[in-house]
Amino acid sequence: MSFALYGESDPISQAKSIVSRIEDPCVAEQVERLLSVIHKLITAVRQVKADLPGIPPLHAYQSEDGSVFVEWIFPDFRIGFNIESNQEDSGWHLVSNERLGEVTASGQLTSEREIMVLFVQFVLPNM
Amino acid sequence: MDDENAIPFTLNQTKDNGSLQFKVGIAILSRRSLDRIKKDAVFAGFLDYERDQLETNPYHGNLLLKKDIDPRKKTSLRFKLAHAAKVKLREETQQSP
């Protein structure tokens with residue numbers, strides 16, 4: 001699966017680099033799928049919006065219990081994903097600062113749709 | 001922050017063996033931010049903090065989290081605290097004149 005992005009540096013490269021080190025195959029598969037969806041979204045938006053501002057990189061790190069956190073940090077908000085061995089426990093989290101109304105929202109990560117909704121309804125308008 | 005010594009004191013804290021407690025740097029979270037997060041409807045009643053001075057550390061305290069907090073809420077809180085904090089890396093301090 002190719003993750004190459006043209007133009008600016010690849011925002012998902014750091015997060016992608018830990019996939020090979022994830023011991024739990026279920027967690028690894030979820031992380032790969034998540035990054036693939038985000039990659040497609042970024043690519044699609046870049047094709048439509050040439051003046052898209054710089055996209056911050058995603059960061060991923062593995063915690064002691066084998067779960068993986070993926071964070072996407074913007075100046076006024078942060079999106080996090082916790083990827084667990086039991087997929088039903090995997091989730092997304094959105095937090096913002098005062099400027100964007102101190103948003104705190106979260107949900108289960110059961111399909112690509114949740115990621116797309118987050119991206120379209122919150123990330124794009126507030127980038 | 002208690003006073004202007006709180007940050008350098010924390011950065012220079014050492015373990016029993018003399019090595020630095022926080023090798024990379026520290027996160028600074030203001031009381032104002034903590035109070036705001038405490039009042040957040042999502043976390044109200046689950047988060048608190050206390051001062052807990054030690055002989056070796058007059059600035060020491062604890063973040064208190066209720067045991068029965070929902071795991072998803074706990075993860076959201078982690079992200080919320082992380083986003084509210086300012087990171088002070090050790091190399092920034094070393095490079096300062």
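F69(A) and F79(B) are both buried, where buried means under 20% relative accessible area, exposed over 50% and partly exposed in between, with a 1.4 Å probe and protein chains only. This is a predicted model, in which local features need pLDDT of at least 70, side-chain atom pairs count only at pLDDT 80 or more, and totals for chains, interfaces and linings use all residues. Residues are numbered from 1 along each chain as its sequence is written, chains are lettered from A and ligands numbered from 1 in the order written, and side-chain values use heavy atoms, without hydrogens and water.

Now to the ring pairs. Rings of Phe, Tyr and Trp (its six-membered ring) pair if their centres lie within 6.5 Å; planes under 30 degrees apart count as stacked, over 60 as edge-to-face and the rest as tilted. Over all chains, there are 7 aromatic pairs, including these two:

| Pair | Centre to centre | Angle between planes | Kind |
|---|---|---|---|
| F69(A) and F79(B) | 6.0 Å | 70° | edge-to-face |
| F9(B) and Y59(B) | 5.4 Å | 65° | edge-to-face |

Because F69(A) lies in strand 2 (residues 68–73) of chain A and F79(B) in helix 3 (residues 71–84) of chain B, their pair joins two chains. Helices (H or I, at least four residues) and strands (E, at least two) are DSSP runs, numbered from the N terminus. F9(B) counts as partly exposed, at 28% relative accessibility.

Chain A also holds a cluster in which ring pairs link W72(A), F74(A), F77(A), F119(A) and F122(A). As for its build, chain A has 3 helices and 5 strands, in the order α-α-β-β-β-β-β-α along the sequence.
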